[in-house]
Amino acid sequence: MTIRELMTGGLITVRPETPVQQARDLMAKERIRHLPVVGPGGALVGIVTDRDIRLNLPSRATSLSAQEIGHLLLKLTVGEIMTRAVITIGPDVPAREGARLMLDHTIGALPVVDGGHLIGIITETDIVRAFVRTTAPTTGFRP
């Protein structure tokens with residue numbers, strides 16, 4: 001089984017200048033936890049996760065008002081909080097290697113790059129889903 005067989009295509013991406021609040025809203029709407037960040041020409045320049053966003057939100061103990069927090073989130077951009085050194089994987093690599101990369105680097109997703117172009121993403125959920133499919137008992141269980 002290869003990465004290509006498990007990855008999600010039709011990516012939802014953001015640009016570095018995207019406000020963090022907009023990225024947060026998009027992630028909530030689409031029910032995703034990882035957003036590849038693309039620059040000019042669609043080149044992968046980073047990745048932002050729900051954790052990155054949470055770590056950059058003001059503490060609940062802040063003395064800032066809701067309006068002040070909202071204003072800060074509109075000023076803060078994805079480019080300021082994204083991970084720039086993105087670990088990627090090719091589409092024809094065995095899925096097992098992708099799972100090993102995620103474990104070794106304690107990450108939840110790998111952008112899939114082919115010939116320098118971002119073509120998909122594989123997440124820990126994709127790996128678990130494939131595991132369940134391949135190990136499901138023959139008693140009618142359907143993941």
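Is Gln-22 buried, partly exposed or exposed? Gln-22 is partly exposed, because its relative accessible area is 48%, where buried means under 20% relative accessible area, exposed over 50%, and partly exposed in between, with a 1.4 Å probe and protein chains only.

1. Basis of the note. This is a predicted model, in which local features need pLDDT of at least 70 and side-chain atom pairs count only at pLDDT 80 or more, whereas totals for chains, interfaces and linings use all residues. Residues are numbered from 1 along each chain as its sequence is written, and side-chain values use heavy atoms, with hydrogens and water left out.

2. Overall architecture. The protein chain has seven helices and four strands, and these follow the pattern α-α-β-β-α-α-α-α-β-β-α along the sequence; helices (H or I, at least four residues) and strands (E, at least two) are DSSP runs numbered from the N terminus. Of the 143 residues of the chain, 34% count as buried. Among contacts with a separation of 6 or more, 57% are between residues 24 or more positions apart, a contact being heavy atoms within 4.5 Å.

3. Gln-22 and its place in the chain. Gln-22 belongs to helix α2. Its C-alpha atom is separated by 9.1 Å from that of Thr-77, a residue 55 residues apart from Gln-22 along the chain.

4. Strands β3 and β4 run antiparallel and are joined by six bridges, where two strands pair if DSSP finds at least two bridges between them. Val-112 has Gly-120 in β4 as its bridge partner. The two strands form a hairpin with two residues between them, and Gly-115 in the turn has a positive phi of about 60°. Strand β4 is largely enclosed by the rest of the structure, because five of its seven residues are buried.

5. Helix α6. The buried residues of α6, which spans residues 95–105, are Ala-95, Gly-98 and Met-102. Seen down the helix axis, these buried residues fall within an arc of 55°, so they line one face of α6; the arc is that of the directions from the helix axis to the C-beta atoms. The cover over the buried residues includes α1 (3–6), β3, β4 and α7, while Arg-96, Leu-103 and Asp-104 are exposed on the other side of α6.

6. Two positive phi values outside glycine. Thr-106, in the loop between α6 and β3, has a phi near 50°, a positive value in a residue other than glycine, and it is exposed, with a relative accessible area of 70%. Arg-31, placed in the loop between α2 (20–30) and β1, has a positive phi near 60° and is likewise a residue other than glycine; at 77% relative accessibility, Arg-31 counts as exposed.

7. The largest pocket. About 420 Å³ of space lies in the largest pocket. On a 1 Å grid over the protein atoms alone, a pocket is an open set of points where a 1.4 Å probe fits, with protein on both sides within 12 Å along at least five of seven lines, and lining residues have an atom within 4 Å of a point; grid points are joined across faces, edges and corners, and a volume is the space filled by probe spheres set on the points. Of the 17 residues in the lining, the closest to the pocket centre are His-34, Thr-49, Thr-106, Ile-107 and Gly-108. Two or more lining residues come from each of β2 (44–49), α3 (50–55) and β3 (109–114), and α3 gives the most, with three residues. The lining divides into seven nonpolar, five polar and five charged residues, where Ala, Val, Leu, Ile, Met, Phe, Trp, Tyr, Cys and Pro count as nonpolar, Asp, Glu, Lys and Arg as charged, and the others, Gly among them, as polar.

8. His-34. This residue lies in strand β1 and is buried, with a relative accessible area of 14%. Leaving aside neighbours within four places in sequence, His-34 is in contact with Met-27, Ile-47, Val-48, Thr-49, Gly-108, Ala-109, Ile-121 and Thr-123.

9. The second largest pocket. About 310 Å³ of space lies in the second largest pocket, and of its 15 lining residues the closest to the centre are Thr-8, Ile-32, Arg-33, Ile-121 and Thr-123. At least two lining residues are supplied by each of β1 (34–38), β4 (117–123) and α7 (124–135), with the largest share, three residues, coming from α7. By class, this lining has five nonpolar, six polar and four charged residues.
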